[in-house]
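Please consider the sequence and the three-dimensional structure shown below. The paragraphs that follow lead through the helices, the strands and the contact between the chains.

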Amino acid sequence: MSADVTAAAGVSAYGHEARHQPEQPILEVKDLAVTYGPVVALEAVTFTLKAGDQVAVIGPNGAGKSTLFKAIAGVWPATTGTVRVGGSAPGEHICIAYIPQRNEIDWRFPVTVADVVLMGRTGRLGWFRRPGARDQALVRECLEVVHLADLADRRIDALSGGQQQRMFIARALAQEAELMLMDEVLTACDTPSKEEIYRILERLKTRGVTVMVSTHDLDEAAEHYDRVLLLNRRLYGFGASAEVFTAKKLTAAYGGVLRLVQTPHGTLVLNDSCCRRGDAP
Amino acid sequence: MIEWLYDGIITPLQYPFMVRGLWAVIIVGILCGVVGCLVVLRGMAFFGDALSHSVLPGLAIGYLIGGGARGPLLGWALGTAVVVALCIGAVTRTGRFREDTAIGIIFAGMFALGVALISTGGSYSMDLVHFLFGDVLGVSGRDLGWTGIIAVVVLGALLLFYKEWLLLSFDETLARTLRLPTGRLYYSLLVLLAITVVAALQTVGVALMLAMLVTPPATAHIWTRRLPSMMALSAVIGATAGVTGLYLSFYIGIASGAAIVLVCTAGFLLSLLVRRRP
């Protein structure tokens with residue numbers, strides 16, 4: 001992929017021209033609270049990420065993971081507190097990609113994989129401009145990064161779960177995103193698909209893309225990410241997995257949902273997430 | 001045989017009202033076919049139905065004031081449709097009610113108001129029938145001109161803002177992270193739909209409008225892979241069904257609006273049968 005893909009951050013033809021200040025962290029969340037009417041989805045969440053960090057966001061269903069991502073993406077307003085991306089409000093940036101959960105998308109929509117990835121270019125094109133040869137070439141490159149180039153012309157309803165997620169990662173690349181928020185990106189994937197996505201995450205790391213992934217899988221969170229963020233409405237821990245995944249913090253965050261079983265080999269964590277109630281909107 | 005078929009097609013064209021009617025159904029078929037694709041994909045069928053019914057009080061007021069003159073009627077209908085579309089949009093976006101509830105309240109209320117207003121006039125039942133089921137053979141040259149202008153404006157807008165409306169319809173969250181003005185795009189789409197509904201009113205009427213917006217796009221969806229081809233095929237289906245339906249109504253003497261819709265429905269059922277999913 002060309003070098004300018006992640007260079008011109010935040011210049012949008014729809015009137016948003018926030019630029020990243022180099023001395024500022026890519027993401028700074030300070031005392032964030034989000035409420036839906038009387039329901040408190042998030043409160044007192046504070047943490048900072050530097051460029052290239054890859055973080056797993058862990059928490060039970062309804063912990064506010066999607067809400068956190070939408071507040072960071074600037075599509076849902078913070079009730080109190082602040083979110084800063086590269087030093088300014090997220091709503092001024094077009095370099096934040098939110099990778100949706102599967103059920104947020106209508107898969108019968110008549111578009112191909114390449115069409116969806118091309119949508120990521122919209123923010124750079126602006127009004128009345130159609131995607132040109134350069135955009136098409138970039139789409140091709142982004143599809144190659146996620147190993148989907150041979151499926152470019154496939155209808156999206158003919159993709160497997162893992163392919164769907166890789167398509168959205170390609171779209172985020174086409175968007176020239178520097179901060180990718182991946183909601184349950186691995187939930188629908190089989191093991192080979194997961195391995196493929198972990199390899200893509202490695203590639204994103206070398207590009208300096210900052211990634212947050214919400215997940216239910218504590219083992220994979222511990223194994224594949226620099227840091228973990230333990231969330232259940234409030235922040236229960238943020239740091240290396242060894243520091244965060246302690247019996248005390250996990251029990252505090254999960255309450256009765258999580259069973260910690262002491263075995264001769266260490267602590268066994270049983271995560272009861274079979275009965276999905278769905279996260280808050 | 002060929003001569004017989006040729007005569008069958010040519011004979012109705014001797015009547016100017018039939019020629020105007022054919023032009024009207026072609027324009028409306030194309031317009032509704034294209035715009036209807038967004039209605040189908042966005043799940044706005046109920047909204048489209050409500051919008052067409054909600055135009056009734058506007059038509060009634062225009063009718064009572066103008067004494068049946070067609071020209072101002074279109075203006076009244078257009079104004080009503082745009083106001084209703086924006087109202088439904090605003091109520092929906094507040095999030096206090098589910099969308100279908102908001103639509104249902106406004107739809108039923110407006111329709112009742114329309115029926116009440118029409119019933120104050122003299123020839124209640126006949127006029128109501130025209131509003132409800134269309135009067136494509138009563139289309140004047142002036143009506144046709146307006147329908148054509150509306151079609152050009154709507155299709156032109158669709159061409160200009162295609163990528164934004166596609167994005168909004170497929171993934172609104174992406175549209176918002178790319179900082180598109182999603183609110184304005186949403187409302188302008190509603191206004192576009194309102195204009196389309198008004199343009200199609202005289203052809204198929206309030207009650208059967210929904211079929212023109214939904215059935216050709218749904219049929220095209222069965223046969224196509226991408227949105228541009230779906231829109232093109234849907235336009236062809238809409239126009240063809242319009243022409244076929246009008247000829248059917250000419251020869252076997254059934255109501256034209258109903259004939260057009262029945263052809264659309266038959267096309268859909270046939271497509272569903274022929275192209276069964278594996």
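Predicted model: local features only at pLDDT ≥ 70, side-chain atom pairs only at ≥ 80, totals over all residues.

The expected span of a helix is 1.5 Å times one less than its number of residues. H2(B) has 27 residues, and the distance from its first C-alpha to its last is 39 Å, close to the 39 Å expected at 1.5 Å a residue.

Helix H11 of chain B, residues 182–223, may be examined by the same rule. H11(B) has 42 residues, yet its end C-alpha atoms are only 30 Å apart, whereas a straight helix would reach 62 Å at 1.5 Å a residue. Where does H11(B) bend? The bend lies at Ala207(B) and amounts to about 110°. H11(B) is also largely enclosed by the rest of the structure, because 31 of its 42 residues are buried.

The next topic is chain A. This chain contains nine helices and eleven strands. Of its 281 residues, 43% are buried. Among the contacts in chain A with a separation of 6 or more, 69% are between residues 24 or more positions apart.

Six of the strands of chain A form an open sheet, in the order E5-E6-E7-E3-E8-E9, with mixed pairing. Its edge strands are E5 and E9 of chain A, each of which pairs on one side only. From one strand to the next, the twist averages 15°. In general, the strands of a sheet pair through backbone hydrogen bonds, either parallel or antiparallel.

Both senses of pairing can be followed here. E5(A) pairs with strand E6 of chain A, residues 179–182, in the parallel sense over four bridges. Within this pair, Ala97(A) has Met180(A) in E6(A) as its bridge partner. Strands E8 (residues 227–232) and E9 (residues 234–239) of chain A, by contrast, run antiparallel and are joined by five bridges. Here Leu235(A) in E9(A) is the bridge partner of Leu231(A).

E8(A) and E9(A) form a hairpin with one residue between the strands. Arg233(A) is placed in the loop between E8 and E9 of chain A. Arg233(A), however, has a positive phi of about 70° although it is not a glycine. Is Arg233(A) buried or exposed? A residue is buried if 20 or more other C-beta atoms lie within 10 Å of its own. Arg233(A) has 22 C-beta neighbours inside 10 Å and therefore counts as buried.

Asp31(A) is found in strand E1 of chain A, residues 27–36.

Arg102(A) illustrates the class in between. This residue is found in the loop between strand E5 (96–99) and helix H2 (113–119) of chain A. Because 15 other C-beta atoms lie within 10 Å, Arg102(A) is partly exposed. Which residues does Arg102(A) contact, leaving aside its neighbours within four places in sequence? They are Gly161(A), Gln164(A) and Ala188(A). Arg102(A) and Arg166(A) are 64 residues apart along the chain, and their C-alpha atoms are separated by 12 Å.

Finally, the two chains may be considered together. Their contact takes 22 residues from chain A and 19 residues from chain B. On the side of chain B that touches chain A, helix H9 (162–170), helix H10 (172–177) and helix H12 (227–252) of chain B each supply at least two residues. Which element supplies the largest share of this side? H10(B) does, with four residues. By class, the side of chain B that touches chain A has nine nonpolar, six charged and four polar residues.

Definitions and conventions:
Residues numbered from 1 in each chain as written. Chains lettered and ligands numbered in written order. Contact = placed C-beta atoms within 7 Å. Nonpolar A, V, L, I, M, F, W, Y, C, P; charged D, E, K, R; others polar. Buried ≥ 20, exposed ≤ 12 C-beta atoms within 10 Å, placed from the backbone. Bend = angle between axes of the 7 residues up to and from the residue. Pairing = 2+ DSSP bridges. Axes fitted to C-alpha atoms, helices over the stretch in contact; angles between N-to-C directions.
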